[in-house]
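The entries follow in the order in which I looked things up.

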Amino acid sequence: MHSVEEALELIGKHSSPLPDYECDAVEALGSAMAEDLTSEQDSPAFDKSMMDGYAVIAADLEDGPANLEVVDEIAAGVTSVEVIRPGTCARIMTGAPMPPGADAVALVEHTQIDSENVHRVMITEAVTPGKNVLKRGSLLSKGQVVLSAGSRIRPIEVGILSDMAKGRVTVHRSPSISIISTGDELVSAQEEPISGQIRNSNGPMLEAMAIEAGAQVIQLGIVKDKREDLAAAISKGLESDILILSGGVSSGVLDLVPAELTAHGVEQIFHKVCIKPGKPLWFGKRVSAGKTTLVFGLPGNPVSSLVCFHLFVRCALNQLQGRAEEPLHVPGFLLTRDFVNNGDRPVYFPAMACRKEGAGATLSPLNWKGSADLATLAKANALAIFAPNSEYEAGQFISAIMI
Ligand SMILES: Nc1nc2c(c(=O)[nH]1)N[C@H]1C(S)=C(S)[C@@H](COP(=O)(O)OP(=O)(O)OC[C@H]3O[C@@H](n4cnc5c(N)ncnc54)[C@H](O)[C@@H]3O)O[C@H]1N2
Ligand code: MOO
C-alpha cells in the first residue's frame with residue numbers, strides 16, 4: 001500500500017499539462033498562465049500627474065507663495081510640448097503626462113485664481129520636487145516579469161492582462177472530467193429512496209468540486225453494479241481527460257470497478273493508499289490513439305470521496321492545467337483538544353480552523369462519525385492530519401489541509 005506522498009508522486013508523474021491556447025483574459029478566469037507575461041514597456045510609460053492642479057518647478061515656490069504664468073492646460077491622454085520655464089506653470093489633470101521642465105504638481109486646492117487674468121495663478125503652498133508625480137517606470141520596468149507561467153488567473157490578473165497584454169492570454173485547455181456514480185443502492189437526489197436505497201450525494205458533490213477546480217464536467221449519472229452498464233459508461237467516460245468513478249473499488253463481490261477498468265485498457269498505477277478515509281483509492285491511466293485519460297476510482301463513502309478528490313484528483317487537475325504547485329499541507333495550527341489516533345493509517349480528520357487575535361491559528365477536531373458522515377463536514381473548513389498510532393495533547397502544533 002502506498003503512502004499519501006508516494007501516491008501524489010505517481011499521480012504527478014503520469015499527469016502532463018494539456019495543450020495551450022490563446023483566449024480573452026476574462027474567459028481564462030480560474031485557468032493558469034501557460035507562459036510568463038513580461039512588461040512590454042515602462043509603467044507608467046511617462047511621468048504622470050497624480051492630482052488635479054498645476055505642473056510647476058518646485059524651486060519657484062521655495063521662497064513662499066508665487067504668482068505664475070499659466071502657459072498650457074493638459075488633460076489625461078494629451079502630451080504637452082510646452083516647456084515649463086521658471087515663473088511659468090501648466091494646469092494639469094490627474095493622469096496627464098507631465099510637461100517638459102516641470103518637476104512637481106501643486107494641488108488645485110492650494111491655489112488662487114487671478115480673476116483679472118486667467119493666464120496667471122497664485123500658488124499658496126510649496127511643493128518638493130517629485131511631489132504628486134508618478135515617475136516613468138516606477139511601477140514596472142520594460143522586460144520585467146509581471147505574471148509567471150503557472151500562476152492562477154484571478155480578477156486581479158484579468159486587470160493586469162487587460163492593461164498589459166491587450167486582454168489576451170495563453171492558458172492550458174481546461175480538463176474535461178466525466179463522473180460516474182456506481183451502486184445498485186443509489187437513486188438520484190430527486191427520487192424518494194425505498195428500503196436500503198440512498199440518494200446519490202457523491203455525483204453532484206464531485207461535479208461541484210470539479211467545476212470549482214476549473215474543469216468541464218460530463219455527468220454520466222448513476223450506473224448499476226452490472227458489468228454491461230458499467231462497461232458502457234466507462235467507454236463514454238474514457239473520452240474525457242479524467243474519468244472519476246465513485247464506489248465499487250474495495251473488496252466486495254460487487255466491487256467491479258477495478259476489473260472493468262482494466263478490461264477497458266486502463267493500466268492500474270496503484271490501488272489502495274495508506275490514508276483514512278480513502279484507503280481503497282484506485283488510480284490508472286489509459287493511452288489510446290494519442291489520447292490520455294487519467295482514471296480515479298474513489299471510495300463510495302462520501303467523505304472518502306471528498307478527501308480523495310481534495311488530495312489526489314486536485315493534484316492531477318493542477319498538473320493538467322499547468323498550475324504552479326500550491327502547498328497543500330499547512331503547518332502551525334494549535335490543537336484545541338487531546339486526540340488519539342489508534343489506527344495504522346494517517347487520519348485526515350474534519351476540523352474547524354480558527355484565527356483568534358493573540359492566539360494564532362487554532363484547530364478543533366469535530367465530532368466526526370466516520371466516512372459516511374458528510375453532515376459534520378458542513379461545519380469543517382480543514383482536515384487535521386494525525387499520524388498513525390499517535391497521541392496528541394491540546395496545545396501541540398499540527399498540520400492541516402484547508403477544504
Ligand atoms: N473487506 C473490506 N471491506 C471494505 C474495505 C476493505 O478494505 N476490506 N474498505 C472499506 C473502506 S475503507 C471503504 S472507504 C469502503 C469503500 O468501498 P467502495 O468504494 O467499494 O464503495 P461502496 O461499497 O460502493 O460504498 C461504500 C458506502 O458508500 C455509499 N455510497 C456509494 N456511492 C455513493 C454515492 N454516490 N453517494 C452516496 N453514498 C454512496 C454506499 O452506499 C456505501 O454505504 O469500503 C469498505 N469496505
Ligand atoms: O478509508 Mo475508508 O475511506 O475508511 O472509509
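**Entry 1: the sheet with S7 and S8**

I looked up a sheet and found an open one of six strands, in the order S7-S4-S6-S5-S9-S8, with mixed pairing. Helices (H or I, at least four residues) and strands (E, at least two) are DSSP runs, numbered from the N terminus. Two strands count as paired if DSSP finds at least two bridges between them. The edges of this sheet are strand S7 (104–107) and strand S8 (111–113), each of which pairs on one side only. Neighbouring strands here are turned by 40° against each other on average, direction ignored.

I noted the provenance before going on: this is a predicted model, in which local features need pLDDT of at least 70 and side-chain atom pairs count only at pLDDT 80 or more, while totals for chains, interfaces and linings use all residues. Residues are numbered from 1 along each chain as its sequence is written, and chains are lettered from A and ligands numbered from 1 in the order in which they are written.

Inside this sheet I checked strand S5 (residues 66–74) and strand S6 (residues 88–92), which pair in the parallel sense over five bridges. Glu69 has Thr88 in S6 as its bridge partner.

**Entry 2: the sheet with S16 and S18**

I then looked up another open sheet of six strands, with the order S16-S13-S17-S20-S19-S18 and mixed pairing. Strand S16 (216–223) and strand S18 (267–271) are its edge strands, each pairing on one side only. From one strand to the next the twist averages 15°.

Helix H4 (residues 227–237) packs on this sheet and touches S13, S16 and S17; the direction of H4 makes about 175° with that of S16. Contact between two residues means that their C-beta atoms, placed from the backbone, lie within 7 Å. Axes are lines fitted to C-alpha atoms, for helices over the stretch in contact, and angles run from 0 to 180 degrees between N-to-C directions.

Strand S13 (residues 176–182) and strand S17 (residues 242–246) run parallel and are joined by five bridges. Ile177 stands opposite Ile242 in S17.

**Entry 3: helices packed on H6**

At what angle do H1 and H6 pack? I found about 30° between helix H1 (residues 4–13) and helix H6 (residues 302–320), with their axes 9 Å apart. By class, the residues of the contact of H1 with H6 are eight nonpolar, two polar and no charged. Ala, Val, Leu, Ile, Met, Phe, Trp, Tyr, Cys and Pro count as nonpolar, Asp, Glu, Lys and Arg as charged, and the others, Gly among them, as polar.

Asn202, Met205, Leu206 and Met209 in H3 meet Pro302, Ser305, Leu306 and Phe309 in H6. The residues of this contact divide into six nonpolar, two polar and no charged.

**Entry 4: the ligands**

Which residues are closest to ligand 1? I listed Asn202, Gly247, Ser250, Pro299 and Gly300, out of 27 residues that surround ligand 1. A residue belongs to such a shell if its C-beta atom, placed from the backbone, lies within 6 Å of the molecule. Helix H3 (202–212) and H6 each supply at least two residues of this shell. The shell around ligand 1 has eight nonpolar, 16 polar and three charged residues.

Around ligand 2 I found Lys276, Pro277, Gly278, Lys279, Pro299, Asn301, Ser304 and Ser371. These divide into two nonpolar, four polar and two charged.

**Entry 5: backbone exceptions**

Most residues other than glycine have a negative phi, and most peptide bonds are trans. I looked for departures. The peptide bond joining Lys276 and Pro277 is cis, with omega about -5°, and Pro277 lies in the loop between S18 and strand S19 (282–288). Lys272 lies in the loop between S18 and S19 and has a positive phi of about 90°, although Lys272 is not a glycine. The bond from Ser43 to Pro44 is also cis, with omega near -5°; Pro44 is found in the loop between strand S2 (37–38) and strand S3 (48–49).
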